[in-house]
Amino acid sequence: MATLSSTFALFFSFALLYFNLISASFSPLDHYLINCGSPEHTTVDFDHRRFTGDVSDSTASFLTSTESISLADPNPCPKSSPIYHTARVFTRPSKYKFVIKNPGMHLVRLHFRRLRGSLDFSNAKFHVLANGFVLFNSLSVEMGKGFEIVKDYVIGVDSDVLVITFVPSEKSNFAFVNAIEVISAPNDLIADVAQHVSFDKNEQIHGLLKNGFETMYRVNVGGWKVTPFNDSLWRTWVTDDEYLKSDDGSSKVHFGGRINYQEGGASREVGPDNVYNTARVIRSSGNSIPELKMTWTFPVTKGYKYLVRMHFCDIASIARGMLFFNVYLNNNLAYKNLDLTEVTNRLLASPFYADFVVDGDSSGVLTLSVGPSNMSLPHAVDAILNGVEIMKINNSVGSFDGKICAHAVLKSWKRGNGNVLYPMLAAVFMLLMAFVIMHRRRTGVTDSVAWWRLPTEIPEVNLKYGNQLSSNKL
């Protein structure tokens, strides 16, 4: 099995040296928060963010649909954010268009929650498209449940407009959405390179920015839940208890000092202080090194590649140069003898992250572990992990949810709804022929009437059809 040599030790730390340091107060050029279906000009959510209603005059240009309705929950749950009290419902393909001032990677978040009332939201079956990507297929999620669903993406926008399209399926009457966020991402959020780890490979790959990413898991290891109010990119980080498989011999640590962010390393937009100031660690208390690992498991969809970002910050060692450990992905050695002192310019409490790409195999589970290495020291910290992010990478047809590309989704909607025309045409044709027969009987004409078979089939859409956008995907 191939492993990382010591020459890779500096790679992860300095791969981003060409980026400028992003200030702690991130101020994106593109920052759209839309409360769909709301007549209110401004709605403040639980995290004190101001969402603009898509019914107000100032946002009328975003929504291009002429066949949609706005709904309000007559009895909203007081524990739910105000952005989930209204929704925009579409009966045909409909678009939101956002003017982009800063081309590049953008955060796109879609918010869903059913409303109380006469409309059965469990019947909502639809796709969501964005600039050639298939973001979402509601067939894979139970939309009728009474909980909030947030779909979180990072996609590239190389033009001056981002188009988000909602397409009802041919077996559904409608699509809906409660809120939309479109925010330009910091330049250092996603790097173009990562380490591809598999059973027989451990090699550097390039071209990640040609793809899009869907956040599947964002975990604060050893810490508390981090809400959007405490994250400069308005993200949510959950606790790791649900995913921790083995923690024998490990412990949680909390740090009350200052996190030392450095230029060229992880910024606050990559990971907030509340992630880096907590961790789980393995610590040896005697002269022997414990033979154990901390392991986390995450359900994933097979057939996709995943970007795994692991966050590290040595907040537990009493001195520099005392922490060495190994990193494993799907039981494959991903990083050997990781020395946080070396990759952080010999500074404690300085954040560092490593990006890996792994394949979602037939097991449907992604496993990551950290544990002591052959360089670990007694009476010291022998492994640490502060945070984990797992992002699905779109497949070869530009989809995060299935094997149908955006072009085929739109074309299949036309096919499904085109069927309605044929019964109408048949009815008109039958009326005309009845009129002709009655007229001939009245005039004594007995010539036979020529009948033509109506078309009853529509050519099938090639659901494997790709597009130019997907040709460069992983």
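Reader: Why is the pairing of Asp355 with Arg309 called a salt bridge?

Author: The model is a predicted one, and in it the closest N and O atoms of Asp355 and Arg309 are 2.7 Å apart.

Reader: How do you know whether Asp355 and Arg309 are buried or exposed?

Author: The cut-off for buried is a relative accessible area under 20%. Asp355 has 4% and Arg309 has 1%, so both residues count as buried.

Reader: How many salt bridges does the structure hold, and what is the case for Arg116 and Asp73?

Author: The structure holds 17 salt bridges. In the one between Arg116 and Asp73, the closest N and O atoms are 3.9 Å apart, and because the limit is 4 Å, this pair is also counted as a salt bridge. Arg116 lies in the loop between strand 7 (104–112) and strand 8 (126–130), while Asp73 lies in the loop between strand 4 (68–72) and strand 5 (86–90), so parts that are 43 residues apart in sequence are tied together.

Reader: Why is Arg116 called partly exposed, while Asp73 is called buried?

Author: Arg116 has a relative accessible area of 44%, and since partly exposed covers the range between the 20% limit for buried and the 50% limit for exposed, Arg116 is placed there. Asp73 has 10% relative accessibility, which is under 20%, so Asp73 counts as buried.

Reader: What makes Asp152 and Arg218 a salt bridge, and where in the chain do they lie?

Author: Their side chains meet at 3.3 Å, N to O, and this lies within the 4 Å limit, so the name applies. The pair links distant parts of the chain, with Asp152 in strand 10 (residues 149–157) and Arg218 in strand 16 (residues 213–220), 66 residues apart. Both Asp152 and Arg218 are buried, and they also belong to a network of salt bridges that links Asp45, Arg49, Arg109, Asp152, Glu181, Arg218 and Glu389.

Reader: Which residues touch the most other members of the largest nonpolar core?

Author: That core has 51 residues, and those that touch the most other members are Trp296, Phe312, Phe325, Val327 and Val370. Strand 25 (residues 352–359) gives the largest share of this core, namely five residues. Apart from this core lies another one of 37 residues, among them Phe62, Leu110, Phe133 and Ile180.

Reader: Which residues does Trp296 touch?

Author: Leaving aside residues up to four places away in sequence, its contacts include Val221, Tyr243, Arg280, Leu368, Val370 and Leu385.

Reader: How do you know that Asn337 is buried?

Author: Asn337, which is found in strand 24 (residues 332–339), has a relative accessible area of 18%, and because the cut-off is under 20%, Asn337 counts as buried. Not counting residues up to four places away in sequence, Asn337 touches Phe325, Asn326, Ser373, Asn374 and Met375.

Reader: Why are strand 19 (250–254) and strand 27 (381–385) called edge strands?

Author: They belong to an open sheet of three strands with the order 19-20-27 and antiparallel pairing, and each of these two strands pairs on one side only.

Reader: What makes strand 20 (residues 278–283) a paired neighbour of strand 27?

Author: Four bridges join strand 20 to strand 27, and because two strands pair if there are at least two bridges between them, these strands count as paired. Within this pairing, Val281 stands opposite Ile384 and Ile282 stands opposite Ala383. Strand 19 and strand 20 pair in the antiparallel sense over five bridges, and Val253 has Ala279 in strand 20 as its bridge partner.

Reader: What makes strand 20 "mostly covered"?

Author: Five of the six residues in strand 20 are buried. For the chain of 474 residues, buried residues make up 54%.

Note on methods. Residues are numbered from 1 along each chain as its sequence is written. This is a predicted model: local features need pLDDT of at least 70, side-chain atom pairs count only at pLDDT 80 or more; totals for chains, interfaces and linings use all residues. Side-chain values use heavy atoms; hydrogens and water are left out. A nonpolar core is a set of buried Ala, Val, Leu, Ile, Met, Phe, Trp, Tyr and Cys residues joined through side-chain atoms within 4.5 Å. Buried means under 20% relative accessible area, exposed over 50%, partly exposed in between (1.4 Å probe, protein chains only). Contact means heavy atoms within 4.5 Å.
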